[in-house]
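Please open the model in your viewer and keep the selection tool at hand. The stops below go from one selection to the next.

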Amino acid sequence: MKRTLPQSLALFSGLGLIVLLIGLPFWWVMTGSIKLPKEIISRDPTMFPRSFTLQHFDKLFQSTDFPAYLLNSLGVALFSTAFTVALALPAAYAFFRMEFPGRAALYRLILLTYAFPTVVVLIPIYGLFAKFGLIDTRTSLVIVNIAFALPFSIWMMRSFLASVPREIEEAAIVDGAPARVILLRIMAPLIAPGIASVAIFTFIASWTEYLFASVLIVSDARRTIPVGFAGIIGQYQIDWGLLLAGATIATIPVVILFAFVGRWFVAGLTEGAVK
Amino acid sequence: MTNPRLAFLFIAPALLFLLAVLGWPLVQAVILSFQNVGVIGSAGTFVGFDNYAAVLGGSGFWRAFGRSVVWVVANAVVQTAVALGVALILNQKFPGVRIARTWIILTWIVPTVVVVIIWRWLLSTSGGMVNPLLIQFGIIDRPVGFFATREGAMTTLVMINSWRWFPFVALMMLAGLTRIPGDLYEAARIDGASAWKRFTRITWPLLQPTLIVLGVVGTLLSFNVFDVIWLLTAGGPSQATQTLPVLIYETAFKGYRLSEAATISVLTSLLLMGFALVATRAMTASEEAR
């Protein structure tokens, strides 16, 4: 397909618009974090920084609990991800490759859990966790993150499993391999992109979760980035430099993660999720 | 493979987990809504439908419900429109298309609190970029407070939330677009169909199933948005952005009226589940019709 000149122009100006729409805010934040306070709140905002300082990052790491938030967030997100994948993989396999009574109904039930507002279970979960001494533990966050990510993860893995030709499995069944072995040795490697997609989805959902983290965690040292950071917003009378530095640091881990596995994830979304 | 016992064994961990962490609390919320409880953990007395009568009889619930509807519809319209444009562009072949497809999702992968800081700063009247930019382009002649008025706050929140979610929606649409066979377009081109004709006759109808799925998932996702609203306006000014999740949170954790919050929660769940059920019915019906 050849494009005419006007078509090319339209395409690339549209593309430029998208890049600006997404890139510009991030550019402003990241460059803002290295500007001197005076330049940050200047009446004539600068596109390119005229000053350079690392004082905001310095302050962030010296006088706030930000490093602890960062580690908490990483830990919670990693554990949530590992457990979600471990639970979702066999469940998705059973739902889409095995036959059993009540399959459709159970699957619909799981999808329905996706429907109700998470805030609904906030109060009862608080009560439940209080009973088990889980309030103010990072474990509590891992537990809720898994529960929230599971339905979508099972749903997402479905299409990847469906894309594996049945003959591959049938050959293994004929060879007498047990289901566990088929799943782990044959299916899992074949749907690696799907597993990666689910992992990224869960990691990001856990990394960004705010509501439960704000209620279930009490002590400052156990807070995750979203909550700890929201606390910094109020604590220091709008120190923009500090906040921009924090925003920059909070963005970097996901950007690094995404640089490595982003393509798989996007492939997972575009090839799988809507099937 | 037919081995029900094995299948259940595979499903049981996930299912039990969901039942314990979501199912049981949901039951508790229902119980709580029929009781009169103020403090978490304290024993309540059974009050029947009193809470429901109070919530449904008052104006707070209905106003928040109205705001939630406005919120969901506005987000759906803005996101669908922008995402469709973006998806059509990203469906073209050009150098760097893969990078573009991967990195547009940046707004969705950063924590909400980062999104909040970005926009609070960009929209602020001291140092913010948006006001000077709008003035330069002659759209406004003096700095505006984006969260100062009721309509302004809602509009601004919808824009920010859409900014966050449109890449996700766009990628889902792209998925629908890539499944439309290319020879359909070739044939249409040979028949001399214009770009607009090709869009209205091929792209749009064949994108319908994707749009329906997105409509359902997107509605549920938008409805549940809490942190963006809470961190930017806390439901204000004068409750103009207090959607149902915000109302539930405020009732429970600011007003400490747990039973009332549980009642609103249960009503909200019923609304959403009703919507989801009707929508999935419609979805499977349209799938079977194809």
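Predicted model: local features only at pLDDT ≥ 70, side-chain atom pairs only at ≥ 80, totals over all residues.

Select B:Arg257 to begin: with a relative accessible area of 41%, this residue is partly exposed, a class that lies between buried, under 20% relative accessible area, and exposed, over 50% (1.4 Å probe, protein chains only).

Residues are numbered from 1 along each chain as its sequence is written, chains are lettered from A and ligands numbered from 1 in the order in which they are written, and side-chain values use heavy atoms, with hydrogens and water left out.

Stay in chain B and select residues 244-253, which form helix 12, where nine of the ten residues are buried; among them are B:Leu244, B:Ile248, B:Tyr249 and B:Phe253. Helices here are DSSP runs of H or I with at least four residues, strands are runs of E with at least two, and both are numbered from the N terminus.

Now show the whole of chain B, which has 13 helices and two strands and whose C-alpha trace spans about 75 × 70 × 30 Å along its principal axes. Of its 290 residues, 50% count as buried, and the accessible surface of chain B comes to about 13,300 Å², with 66% belonging to carbon and sulfur atoms; such areas come from the Shrake-Rupley method with a 1.4 Å probe, and for residues only the protein chains shown count as cover.

Move to chain A and select A:Lys59 together with A:Asp239, whose closest N and O atoms are 2.7 Å apart in another salt bridge. A:Lys59 belongs to helix 3 (residues 55-63) and A:Asp239 to the loop between helix 12 (225-235) and helix 13 (240-271), so the pair ties together parts of chain A that are 180 residues apart in sequence. A:Lys59 is partly exposed at 33%, and A:Asp239 is partly exposed at 21%.

Next select A:Arg222 and A:Asp136, a salt bridge with its closest N and O atoms 2.9 Å apart.

Then select residues 179-190 and 192-208 of chain A, helix 9 and helix 10, whose axes come within 4 Å and cross at roughly 75°; axes are lines fitted to C-alpha atoms, for helices over the stretch in contact, and angles run from 0 to 180 degrees between N-to-C directions. Helix 9 is therefore roughly perpendicular to helix 10 in chain A, a term for angles of 65 to 115 degrees. The contact (heavy atoms within 4.5 Å) is made by A:Ala188, A:Pro189 and A:Leu190 of helix 9 and by A:Ala192, A:Pro193 and A:Ile195 of helix 10.

Also in helix 9 of chain A is A:Val181, which is partly exposed at 28% relative accessibility.

Notes
Salt bridge = Lys/Arg side-chain N within 4 Å of Asp/Glu carboxyl O. Parallel < 35°, antiparallel > 145°, perpendicular 65-115°, else oblique.
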